[in-house]
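Subject: Structure for you to look at

Hello,

Here is the structure I promised to send. Please open it next to this email and follow along.

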Amino acid sequence: MESSKDLIIKHLKAHRGKEIPVSEISEAYKLKPTTISNAIKELNYKGEIVIERRQLNRGRYTVIWLSGDSIQYPYVHEKERMDLRLHNYFKENEDREISFRELTQYFDNNLIESRLTEISLKEALERLIEKKKLESRTELHFEEDHMIVEPDDTFAITGAKVIPETQFAIPCDTTQIHELIEYLKSTEFEFVSFIEMISPFLKNNQTFISCLITPLMIEVGELWAQTRISTADEHVISNRIEKLITDRTNRVRSSNRRGTIILTPVEGEEHVIGLQCLELIFSEIGYKIINIGRPLPIRSVIQYIKEIDEMPLWLFMSITLRTYIGTLQRNLESLKNTFNDDIKIAIGGQGLIEKNRNEFPEADSIIINEQDLLKLIEEMSK
Ligand code: B12
C-alpha cells in the first residue's frame with residue numbers, strides 16, 4: 001500500500017510545475033487533515049516539497065509543490081532548498097568539521113538533480129553563516145562582499161562541539177585537566193610545584209605527551225574557542241607548556257646514533273608545540289634533532305638543508321590548520337624535486353584527515369592518528 005507521502009509525491013509529479021492546494025490532495029485520496037499535515041511537514045523537512053501558507057479572505061490556505069518546480073519564484077525556492085539540503089548534511093555530521101572540498105564532492109555525487117554548483121554552494125554557505133546556523137572554522141576572505149572559499153576551508157554547525165578527527169589524546173580525567181589549566185593560567189603558577197602535580201604523567205615521554213600535553217592543549221583550544229579563556233590566557237598556558245617540554249628535552253643526552261631529523265612546520269603554520277613533542281620523543285630514541293621551530297618559506301628550508309654539513313635522514317613537516325594543505329602539497333613537491341629520495345619525508349598533525357592518505361605521493365610517511373605515530377616510532381627505533 002502506498003503511504004500518504006508517496007501519494008502526495010505521485011500527485012505532485014503528475015501535476016509538475018503547478019502549485020497544488022493541500023485540500024485538493026486530501027479530497028483526491030481521502031486523507032485525514034492530521035495525516036496530510038504530518039506528511040507534508042516531513043516531505044518539506046527532507047527538502048522534497050515546498051510549502052507556502054497564504055492568507056485569503058476565506059481563511060488560511062496551504063499550497064505545496066515539488067521542490068525546484070515552482071513556476072512563480074523558481075530562484076527563491078531553489079535557494080531555500082539548497083540551504084535546507086546543506087544544513088541537513090551538517091546536522092548529520094554535527095560532531096565534525098566539514099571542508100568545502102568534501103561538500104563539493106558530496107553534492108556532486110549525490111544530488112546532481114539539485115543543481116548545486118560551486119557558486120551556489122558558496123552562496124548557500126554564506127546565507128547559513130549569516131543566519132548563524134553555521135560557523136566557519138577557518139578564516140575566510142571577502143572581496144566586494146563575496147566570500148572567497150578555499151577547498152580546505154572548514155565549516156561546522158553553530159554551537160556544536162566539534163571533535164577533531166585526529167585522535168591523539170588518550171582519554172583522561174577532564175576535571176583534572178581543568179584544574180591543571182586553571183593553575184597554568186594563574187598568577188600562582190610555579191614551575192617546580194607544577195612538575196610535582198603532574199608527576200603521574202612523567203613515567204615516560206609517550207605518556208607525558210599522549211595523556212597530558214595533547215589532551216590538555218586540545219581542551220585549552222576548546223575553552224578558547226568557547227571564549228571561556230582569553231587569547232592571553234591561551235598564550236600564557238602555551239608558553240608554560242613549551243618551557244615544560246623544553247625542560248624535559250634538555251635532560252636527554254643528545255646523540256646521533258641513528259642520523260639527523262629536521263623538524264619544520266609547513267610554511268605559514270604557527271602551531272609548533274607538536275614539533276617540540278617530536279623533538280623530545282625522537283631525541284630520546286637516538287636521533288639528532290634540528291628543530292627549525294618557526295615557519296619559513298620552503299626555499300629557505302631547502303637552502304638550509306643544502307648548507308648543513310650532514311644530509312638529514314628524515315624531514316618531518318607538521319600541519320595543524322587545513323588552510324595550509326595546498327601549501328603542504330607544493331612544499332612537498334619542491335622538496336622531492338630538490339632531494340629526490342635522499343631524504344625521507346614524514347608529514348603529520350591535526351591538519352591531516354583520513355581522506356588525505358592518498359593525496360601526498362611525495363611523503364614516505366603520513367601520520368594522522370596516534371597509532372600511525374606509534375608505528376613510526378617503532379620502525380624508527382629498530
Ligand atoms: C596553542 C595553540 C595556538 C598557539 C600556538 C603556539 C605554539 N607555539 O605552537 C597560537 C596562539 C600561536 C595559535 C594560533 C592560532 N590558532 Co591555535 N591552537 C592552539 C592549541 C590550543 C594547541 C595546539 C597544540 O599545541 N596542541 C598540542 C600538540 C602536542 O598537538 P599536535 O600539534 O596535534 O601534535 C601532535 C600530533 O599531531 C603529532 N604531529 C604533529 N605534527 C606532526 C608531524 C609529523 C611528521 C609527525 C610524525 C607527527 C606530528 O605529534 C604531536 C604529538 O602527538 C590548538 C587546540 C588543539 N586542538 O590542538 C588551537 C587550534 C589548533 N588553533 C586554532 C586557531 C583557529 C588558531 C588561529 C587561526 C587563531 C587566530 N585567529 O589567530 C591561529 C593560527 C596561527 C597560524 N597561522 O598558525 C584552532 C584551529 C581550528 C581549525 N581546525 O581550523 C584550534 C583547534 C583551536 C580551536 N579549538 O578552535 N594557536
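Lys30 sits in the loop between H2 and helix H3 (33–45). Helices (H or I, at least four residues) and strands (E, at least two) are DSSP runs, numbered from the N terminus. This is a predicted model: local features need pLDDT of at least 70, side-chain atom pairs count only at pLDDT 80 or more, and totals for chains, interfaces and linings use all residues. Residues are numbered from 1 along each chain as its sequence is written.

Back to Lys30. Its phi is near 55°, a positive value in a residue other than glycine. Most residues other than glycine have a negative phi. Is Lys30 buried or exposed? Lys30 is exposed, because 6 other C-beta atoms lie within 10 Å. The cut-offs are these: buried means 20 or more other C-beta atoms within 10 Å of a residue's own, exposed means 12 or fewer, and partly exposed is in between, with C-beta atoms placed from the backbone.

Asn340 also has a positive phi, of about 45°, and is not a glycine. Look for Asn340 in the loop between helix H13 (325–339) and S12. Asn340 has 8 C-beta neighbours inside 10 Å, so it counts as exposed.

Ser23 is in helix H2 (residues 22–29). Ser23 is partly exposed, because 13 other C-beta atoms lie within 10 Å. Ser23 and Ile36 are 13 residues apart in sequence, and their C-alpha atoms are 9.3 Å apart in space.

Now the whole protein chain. It has 14 helices and 13 strands. Of its 382 residues, 29% count as buried.

Next, confidence. pLDDT is the predictor's confidence in each residue, from 0 to 100. The chain has a mean pLDDT of 85, and 88% of its residues reach 70 or more. Confidence is lowest in strand S2 (residues 49–56), at a mean of 70, and highest in strand S11 (residues 314–318), at 98. Over residues 111–115 the pLDDT is below 50. Where pLDDT is low, the predicted coordinates should not be read in detail.

Then the helix packing. Two packed helices are described by the angle between their axes and the distance between the axes. Axes are lines fitted to C-alpha atoms, for helices over the stretch in contact, and angles run from 0 to 180 degrees between N-to-C directions. H9 and H11 pack at about 175°, with axes 11 Å apart. That makes the two helices roughly antiparallel. Angles under 35 degrees count as roughly parallel, over 145 as roughly antiparallel, 65 to 115 as roughly perpendicular and the rest as oblique. Residues making this contact include Ile209 and Ile213 of H9 and Cys277 and Leu280 of H11. Two residues are in contact if their C-beta atoms, placed from the backbone, lie within 7 Å.

How do H7 and H9 lie? The axes of helix H7 (residues 174–185) and H9 come within 10 Å and cross at roughly 70°. H7 and H9 are therefore roughly perpendicular to each other. Ile177, Leu180 and Ile181 in H7 meet residues of H9, among them Leu216 and Val220.

Last, the ligand. It is surrounded by 43 residues, and the closest are Gly221, Ile273, Gly274, Ser318 and Gly348. Near means that a residue's C-beta atom, placed from the backbone, lies within 6 Å. H9 gives the largest share of this shell, ten residues.

Best wishes
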